[in-house]
Amino acid sequence: MSFSRRHFLLAAAAAVIGLPATAMADEGITIAYQTSVEPSKVPQADGLYEKAIGQKLNWRKFEAGAEVIAAVASGDVQIGFLGSSPLAAAASRGLPIQTFFIAGQLGSAEALVTRNGSKIESPKDLPGKKVATPFVSTAHYSLLSALKHWQIDPRQVQVINLRPSEITAAWQRGDIDAAYVWDPALSKARESGKVLATSADVGRWGAPTFDTWIVRRDFAARHPEVLVKFVKVTLDAYADYRKDPARWDAASPQVQKIARLTGASPADVPGLLAGTVFPLAREQLSAGLLGGGTARALLDTSRFLKAQNKVDQVQASYQPFVETRYVRQASGL
């Protein structure tokens with residue numbers, strides 16, 4: 001049983017037996033974040049979420065979506081950041097969660113990088129090679145989708161389950177030949193490797209991926225105002241970036257804050273931001289995203305994961321796992 005599959009089974013068990021959600025009271029609200037490079041890291045660094053919500057926020061860093069899901073399902077975390085693939089796997093297992101914000105439509109911010117000296121010049125050289133990625137992540141899904149596009153049986157490739165920090169260590173030791181991952185591990189790999197494909201490429205091949213913010217259903221039912229305020233702060237950050245992306249250069253305070261929270265090099269952050277689409281309110285609510293497209297994408301992803309034996313079942317519809325009202329209320333649309 002893989003690391004990520006154990007985590008998802010534990011998460012499902014927690015949901016079934018009804019482990020309690022962490023009370024706000026003295027503990028505050030616990031929010032799971034990852035090292036993805038995106039504009040909301042700026043208000044996170046500045047404490048603007050705490051100011052808007054008026055509650056103590058405990059920000060916990062996680063390396064992969066499977067870990068976020070396990071923490072959300074157990075009640076240790078109320079709000080979490082994760083990619084579309086672990087979200088699809090969690091929803092397929094019926095975990096009590098809602099997607100309430102699309103954090104980014106992924107492009108070059110995630111990529112398959114081959115190590116110099118690995119003798120991988122093109123996709124046809126991948127069979128027999130060791131390729132690392134965090135299992136049941138968006139990067140894992142994109143890797144499997146790329147192999148399918150290239151008509152390579154995944155069983156021909158030694159796909160290894162490693163966290164981003166473990167990928168960096170394995171890369172430096174020369175233990176792996178390639179990795180599909182995100183920053184800061186991606187930038188470190190690119191220093192001594194070359195990009196074979198990005199998630200923008202994989203999206204054009206029919207398997208788009210995205211990052212999301214999710215929430216426990218019971219917490220959302222008790223504290224909808226928290227989510228509205230959370231969305232408002234996030235939308236403001238996205239609008240500030242979208243208004244003038246060139247202003248967010250390597251020396252800017254915004255990029256310095258993002259680099260500090262993610263571990264990415266400030267020089268790499270502008271390019272990583274440019275490699276992701278950060279949807280504003282109308283785009284969030286459009287038929288392509290929360291208005292319908294997100295649920296369809298989760299269905300497609302779940303069908304793919306089931307074919308790869310990563311999940312045991314597929315929901316008839318994923319619309320119950322998507323909620324638009326918090327964006328509507330935060331934006332007035």
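Trainee: Is Val136 buried or exposed?
Mentor: Bear in mind that this is a predicted model: local features need pLDDT of at least 70 and side-chain atom pairs pLDDT 80 or more, while totals for chains, interfaces and linings use all residues. Residues are numbered from 1 along each chain as its sequence is written, and side-chain values use heavy atoms, without hydrogens or water. Buried means under 20% relative accessible area, exposed over 50%, and partly exposed in between (1.4 Å probe, protein chains only). Val136 has a relative accessible area of 5%, so the call is buried.

Trainee: And what is the phi of Val136?
Mentor: Val136 sits in the loop between β6 and α6 (138-149); helices (H or I, at least four residues) and strands (E, at least two) are DSSP runs, numbered from the N terminus. Val136 is not a glycine, yet its phi is positive, at about 55°.

Trainee: Where does Lys119 lie?
Mentor: Lys119 is another non-glycine residue with a positive phi, near 65°. Lys119 is exposed, with a relative accessible area of 67%. Its place is the loop between β5 (110-115) and β6 (130-133).

Trainee: Which strands stand at the edges of the open sheet?
Mentor: Six strands make up this sheet, with mixed pairing, in the order β2-β1-β3-β10-β4-β11. Two strands pair if DSSP finds at least two bridges between them. Two of the strands have a single partner each, so one side of each is left without a neighbour in the sheet: β2 (57-61) and β11 (276-277).

Trainee: How many bridges join β4 to β10?
Mentor: Gln98 stands opposite Val215 in β10. Strands β4 (residues 97-106) and β10 (residues 210-216) run antiparallel, and the number of bridges joining them is seven.

Trainee: How many residues apart are Phe100 and Tyr326?
Mentor: Rings of Phe, Tyr and Trp (its six-membered ring) pair if their centres lie within 6.5 Å, with planes under 30 degrees apart counted as stacked, over 60 as edge-to-face and the rest as tilted. The structure holds 14 aromatic pairs, and Phe100 with Tyr326 is an edge-to-face one, at 6.3 Å centre to centre and 85° between the planes. Phe100 is in strand β4 and Tyr326 in helix α16 (residues 325-331), a separation of 226 residues.

Trainee: Which ring does the charged end of Lys310 sit over?
Mentor: A charge sits over a ring if NZ of Lys or CZ of Arg is within 6 Å of the ring centre and within 35 degrees of the ring normal. Arg217 lies over the face of Phe321, at 5.4 Å from the ring centre. For Lys310 the distance is 4.9 Å, and the ring is that of Phe135.
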